[in-house]
Amino acid sequence: MSQKIRVALIGCGMMAGNHLNYFREIREKDPELTEIVAMCDVDGERAKNLANKAGDFQPIPPTYTDLEKMLKNEDIDAVDIVTTHSSHHVSTIACLESGIHVVVEKPFALTIKAGHKMLDAAKKSGKILASAEPARKGVGTRATEWAMNKAGLIGDLRMFFTQRTLYTLRVVVGTPWRHQRIYSGGGWVIDGEVHYMDVLRSFFGDVEKVYAETRNFEPTRYLDANNLRDPVPSDVEDTAICVLTFKNGLIGQFVWTEGAPGKGINHQIYYGSKGSIDGNGIQFKDGSTRSMDELTNDFLNALSSNDKERLFPRGVMNAGTLGVYDFIDAIKNNREPEVTGWDGFVAQAICDAIYESAYCGQAVKVGDVISGKIGAYQQDINEHWQL
């Protein structure tokens, strides 16, 4: 395929602005690779505003408020779906059935049932279905994975501890629907930490089982959190404390909360038989250290020129841009993207396993969540959307 890949953006809200910047950087690095040829959003003014911003680096694309009309009128190779969670499966399936490649924002789907429908549609269409899970692509994450798995610097991997604790009454990115399970599928665990679950899979492989407790300590959030104005009810978790057991035997503790007044903590650390690694670098069991800057340089120097271009094409280092670049290049070269729809689905399934475990009060196997054997937490969501 020699011509530019013609892409449409579906959903033109806050996250779509980030995606537009990814396409801007790709355009700067490789002007002949891709072009945005249409935008679609239920809010026509929002779509026009984003289209005008695209005009800063390419021709202004036409805009639509109706997905079916856009698919009928425009010559589109691929779509980048950046809608609300509850629309992911609807837009994805419609595009795949129209013979169009799809990359969909996180979380992959609203529920496991919705995800299966998307995967089935991709299989039938023969088109690429990718997941916007770029966190694993950042240079620091790549360097950490290299240090643990390829260079073996901390020995046999044993365990990890991740804790992100803070206190806030804000509405997440100012969007009240994120605090309504029916529309979001859950709280920040599935909304944001799904990225981290994909990173953990890239580090350690598949998660076998999960035991979790979740809480909603603050059921009222505020659009103006500083002044406690414009309240928004919330029925999603603001706290999750989990133990993850991986198929390779590694164990880890994952803690996230926005309900912890006082001192905040943001730290993740991984342990092996020879030492530990975190954002500062490695501390070996004899007390010696290697900084993250040293590890990153060692990682980049260990790459062949071909591998460096594959991982960081045209010198791009922004993880979000790399995710879109990989999707577009996969279409152009008729290959599988690094983070497939299945990868995004499994990262989502780990999050759903956290919810299912907390709901039923016992450890659950991720495979049982994927198969639908366990799904009580999601039942009312599926019923609402007739999944």
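## A walk through the predicted model

Asp230 sits in strand E10, which covers residues 229-233. Before going further, keep in mind that this is a predicted model. Asp230 has a positive phi of about 60°, although it is not a glycine. What makes that worth a look? Most residues other than glycine have a negative phi. Is Asp230 buried, exposed or partly exposed? With a relative accessibility of 47%, Asp230 counts as partly exposed.

Asp230 also turns up in the contacts of another aspartate, Asp224. Leaving aside residues up to four places away in sequence, Asp224 touches Arg229 and Asp230. Asp224 belongs to strand E9, residues 220-224, and it is partly exposed at 21% relative accessibility. The cut-off is handy here: buried means under 20% relative accessible area, so a value of 21% puts Asp224 in the partly exposed class.

You'll find Val173 in the loop between strand E7 (157-165) and helix H7 (181-184). Its relative accessible area is 41%, so Val173 is partly exposed.

Which form does the bond from Lys106 to Pro107 take, cis or trans? It is cis, with omega near -20°. For background, most peptide bonds are trans. Pro107 is in the loop between strand E5 (101-105) and helix H5 (112-125).

### A buried glutamate

Glu258 has a relative accessible area of 4%, so it is buried. What does its side chain make a polar contact with? The partner is the side chain of Arg221, at 2.8 Å. If you leave out residues up to four places away in sequence, Glu258 touches Leu166, Tyr167, Thr168, Arg170, Arg221 and Asp238.

### How helix H1 packs

Helix H1 (residues 14-29) packs with helix H12 (residues 319-332), and the axes of H1 and helix H2 (residues 44-54) also approach each other. Here are the two pairs together:

| Helix pair | Angle | Axis distance |
|---|---|---|
| H1 and H12 | about 65° | 9 Å apart |
| H1 and H2 | roughly 20° | within 10 Å |

Start with H12. Angles of 65 to 115 degrees count as roughly perpendicular, and H1 and H12 are therefore roughly perpendicular to each other. H1 passes H12 in a right-handed crossing. On the H1 side, the contact is made by His19, Tyr22, Phe23, Glu25 and Ile26. H12 brings Gly320, Thr321, Val324, Tyr325 and Ile328. Sorted by class, this contact has six nonpolar, three polar and one charged residues.

Now for H2. Angles under 35 degrees count as roughly parallel, so H1 and H2 are roughly parallel to each other. H1 passes H2 in a right-handed crossing. Here H1 uses Ala16, Gly17, Leu20 and Arg24, while H2 supplies Leu50, Lys53 and Ala54. How do the residues of the contact of H1 with H2 divide by class? There are four nonpolar, one polar and two charged.

One last stop: Pro313, in the loop between helix H11 (305-311) and H12. Pro313 counts as buried because its relative accessibility is 11%. Leaving out residues up to four places away in sequence, Pro313 touches Lys308, Leu322 and Tyr325. Tyr325 is also one of the H12 residues in the contact with H1. Finally, compare Pro313 with Asp30. They are 283 residues apart in sequence and 9.6 Å apart in space, C-alpha to C-alpha.

Note on methods:
Residues are numbered from 1 along each chain as its sequence is written. This is a predicted model: local features need pLDDT of at least 70, side-chain atom pairs count only at pLDDT 80 or more; totals for chains, interfaces and linings use all residues. Side-chain values use heavy atoms; hydrogens and water are left out. Axes are lines fitted to C-alpha atoms, for helices over the stretch in contact, and angles run from 0 to 180 degrees between N-to-C directions. Helices (H or I, at least four residues) and strands (E, at least two) are DSSP runs, numbered from the N terminus. Angles under 35 degrees count as roughly parallel, over 145 as roughly antiparallel, 65 to 115 as roughly perpendicular and the rest as oblique. A crossing is left-handed if the near helix is turned anticlockwise from the far one by less than a right angle, and right-handed if clockwise. Contact means heavy atoms within 4.5 Å. Ala, Val, Leu, Ile, Met, Phe, Trp, Tyr, Cys and Pro count as nonpolar, Asp, Glu, Lys and Arg as charged, and the others, Gly among them, as polar. Buried means under 20% relative accessible area, exposed over 50%, partly exposed in between (1.4 Å probe, protein chains only). A polar contact is a pair of N or O atoms within 3.5 Å; within protein, one must be able to donate a hydrogen and the other to accept it, and residues adjacent in sequence count only if both atoms are side-chain atoms.
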